[in-house]
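Visitor: Hello! Could you walk me through this protein, step by step?

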Amino acid sequence: MYNKIMGCLASIREKIDFQPEIAVVLGSGLGDFANEIRIADTISYTDIEGFPVSTVKGHAGKFVFGYVEETPVVIMQGRVHYYEGYEMSDVVLPTRLMGMMGAKKILLTNAAGGCNPEFKPGDLMIISDHITTGVPSPLIGKNIEELGTRFPDMSEVYSRRLQEVMKVCADECGIEMRKGVYVQFTGPNYETPAEVRLARSWGADAVGMSTAVEAMAANHMGMEVCGISCITNMAAGISKVQLNHKEVQETADKVADDFKKLVAKVIVNM
């Protein structure tokens, strides 16, 4: 896997020599932010030898390199999910690759289902912690010593400093932010009402199909991690209507302006 990562890195370096300070992953319906930065270059995932390719509608499937004000960033416009059939090591390969490019900090975003009944569709939530009981750890298997230790500490996966930065930025933008615990399930099916109740009993505020394993891989590498969930729907058993991906995209579109304004401000202040 380390050789595969380095092969992907070499493939990118053949096309662009860009040193990002911050990595950003844009979730379902949130990819338009990448079009509004000062773009230096883009690389399609299909043009990177050995790179896993996103197959989900609404995920553009490319790296965008550029600047938010004067901050150099690499943005994943679309991610790879475990439910697409990839090994978990491939799911987190892009995260590790961005770290190898030079990014020391990472902002992870996603569309999520709200399981806290006080939440509503359109809320933005600072991820304070996560639960990955339902998915395999991306660190299973032989440890890649070049990336990190065999038994990494997970007591502060999501940087408290960056959580405070996000809160301050949201206040300055006039955006009300929630804060909560995110649970990653495998997908691609939405969770059952019983699974949502289970997650809620664990202390979850939102559920989804990504992000947490990426945070684990980034933390393993020593990257400083923060995350934002866009609550695009209420989870099964809380919602009174059937869930569908169209609703996720429609809600993300409605909060796009606030999301883009917040992410830009967070990046500059990270």
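Predicted model: local features only at pLDDT ≥ 70, side-chain atom pairs only at ≥ 80, totals over all residues.

Visitor: Which word describes how α1 and α3 lie to each other?

Guide: Helix α1 covers residues 2–13 and helix α3 covers residues 93–101. They pack at an angle of about 60 degrees, with their axes 10 Å apart. The angle classes therefore make α1 and α3 oblique.

Visitor: By class, how many residues in the contact of α1 with α3 are nonpolar?

Guide: On the α1 side, the contact includes Ile 5, Leu 9 and Ile 12, while α3 brings residues including Leu 93, Leu 97 and Met 100. Charged residues number three and there are no polar ones. The nonpolar count is ten.

Visitor: How many of the residues of helix α6 are buried?

Guide: Buried means under 20% relative accessible area. Among the residues of α6 that pass are Ala 212, Glu 214 and His 220. Helix α6 is largely enclosed by the rest of the structure, because its buried residues number nine of nine.

Visitor: What is the radius of gyration of the protein?

Guide: The protein has eight helices and nine strands. For 270 residues the globule rule gives 18 Å, and the protein comes close to that, so it is as compact as a globular protein of that length. Its radius of gyration is 17 Å.

Visitor: What share of the 270 residues is buried?

Guide: The same cut-off of under 20% relative accessible area decides this too. Counted over the protein, the buried share is 58%.

Methods: Residues numbered from 1 in each chain as written. Heavy atoms only, no water. Axes fitted to C-alpha atoms, helices over the stretch in contact; angles between N-to-C directions. Helix = DSSP H or I, 4+ residues; strand = E, 2+ residues; numbered from the N terminus. Parallel < 35°, antiparallel > 145°, perpendicular 65-115°, else oblique. Contact = heavy atoms within 4.5 Å. Nonpolar A, V, L, I, M, F, W, Y, C, P; charged D, E, K, R; others polar. Buried < 20%, exposed > 50% of the residue type's maximum accessible area, 1.4 Å probe, protein only. Rg over C-alpha atoms; globule rule 2.2 N^0.38 Å.
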